[in-house]
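Dear colleague,

Please read them with the coordinates open beside you.

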Amino acid sequence: MNIRPQTASIREIPAPSSPASASAQEPLISRADFLFLNNRGEIEDRNRPIPLRAPFLDAFSAFSHGTLLPTPSGPVAVEDLLPGDSVLTENGGPQTLLWKGSWQTTPHAGTQLIRVAADAFGDGFPSRDMIFGPATRVIRRHPAVQARLGMDKVSLPLADLIDGIAVVGITPPRPITLCHLLFDRHHSIRACGLEVESYHPGPLHRLSLSQELRAIFLGMFPHLGCISDLDAPRFTRFSSADLELLEVS
């Protein structure tokens with residue numbers, strides 16, 4: 001494994017001007033790890049500071065350790081997957097993992113995790129109790145979307161489906177390591193039976209980043225010449241509010 005020295009740095013980023021950000025002790029950056037395949041097919045490793053804000057945390061905050069994902073050799077815990085491994089996707093069959101990012105939650109980030117009970121979305125969906133990060137998006141069929149837009153599946157934030165019974169928001173009492181996975185294009189994967197998105201940042205212009213933050217963000221994906229190397233997202237992203245408007249329109 002080749003490990004290049006860390007050369008990038010983040011200058012102090014002003015906190016938003018709101019009462020919630022008034023605490024001088026609140027750190028504005030954390031550190032994240034990512035592994036990726038370089039253009040020689042070798043695994044490289046980075047550890048970099050990232051701002052404690054979206055869209056940075058979205059790239060690292062989907063799967064918790066212990067989440068089983070399908071591979072041609074059988075289920076593998078997400079923490080054991082490495083770039084170059086093959087993962088079974090719902091829409092593209094076996095796909096090579098190109099990038100894996102991970103981050104450990106901190107008390108300052110106020111991260112809310114999501115516990116999904118076994119069978120919350122039907123028999124075997126998921127097959128056991130699961131913990132997901134706040135960036136998890138699930139793939140769902142919806143009658144109004146099919147009838148009005150002709151789409152078979154859409155992507156919804158798992159956090160929108162919290163009902164306090166089968167899907168519950170929780171605050172971990174200790175740090176939890178979360179991660180996300182990136183392929184050459186947007187895919188969905190069965191995590192213990194529940195269909196979820198692989199990572200995709202979406203159109204860069206929608207991230208509303210300053211020039212400085214955009215450079216930091218793109219630096220998290222050194223295997224890409226530019227973010228446009230990724231195809232457009234495969235799944236249209238809705239919120240629960242979008243679906244409610246569609247139902248009554």
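What follows covers the nonpolar cores and then the salt bridges.

Please keep in mind that this is a predicted model. Its largest nonpolar core has 29 residues, and among those with the most contacts inside it are Phe63, Phe132, Leu158 and Leu181. Two or more residues of this core come from each of several elements, including strand E15 (177-182), strand E17 (194-197) and helix H3 (240-248). Apart from this core lies another, of 25 residues, which includes Ala59, Leu182, Phe217 and Phe221. Leaving aside neighbours within four places in sequence, leucine 181 is in contact with Phe63, Leu69 and Trp99, and its contacts also include Lys100 and Ser198.

The structure holds six salt bridges. One of them joins arginine 46 to glutamate 44, with the closest N and O atoms 3.1 Å apart; arginine 46 counts as buried at 6% relative accessibility, and glutamate 44 counts as buried at 1%.

Lysine 153 pairs with glutamate 195 in a salt bridge, again with a closest N to O distance of 3.1 Å. Because lysine 153 lies in the loop between helix H1 (143-149) and E13 while glutamate 195 is in strand E17, this pair ties together parts 42 residues apart in sequence. Salt bridges with shared partners join Glu90, Lys153, Arg190 and Glu195 into one network.

Strand E17 also holds glutamate 197, which is linked to arginine 237 in the loop between helix H2 (211-218) and H3, 40 residues apart. Glutamate 197 is buried at 5% relative accessibility, whereas arginine 237 is partly exposed at 31%.

Best wishes

How values were computed
Residues are numbered from 1 along each chain as its sequence is written. This is a predicted model: local features need pLDDT of at least 70, side-chain atom pairs count only at pLDDT 80 or more; totals for chains, interfaces and linings use all residues. Side-chain values use heavy atoms; hydrogens and water are left out. A nonpolar core is a set of buried Ala, Val, Leu, Ile, Met, Phe, Trp, Tyr and Cys residues joined through side-chain atoms within 4.5 Å. Buried means under 20% relative accessible area, exposed over 50%, partly exposed in between (1.4 Å probe, protein chains only). Helices (H or I, at least four residues) and strands (E, at least two) are DSSP runs, numbered from the N terminus. Contact means heavy atoms within 4.5 Å. A salt bridge is a side-chain nitrogen of Lys or Arg within 4 Å of a carboxyl oxygen of Asp or Glu.
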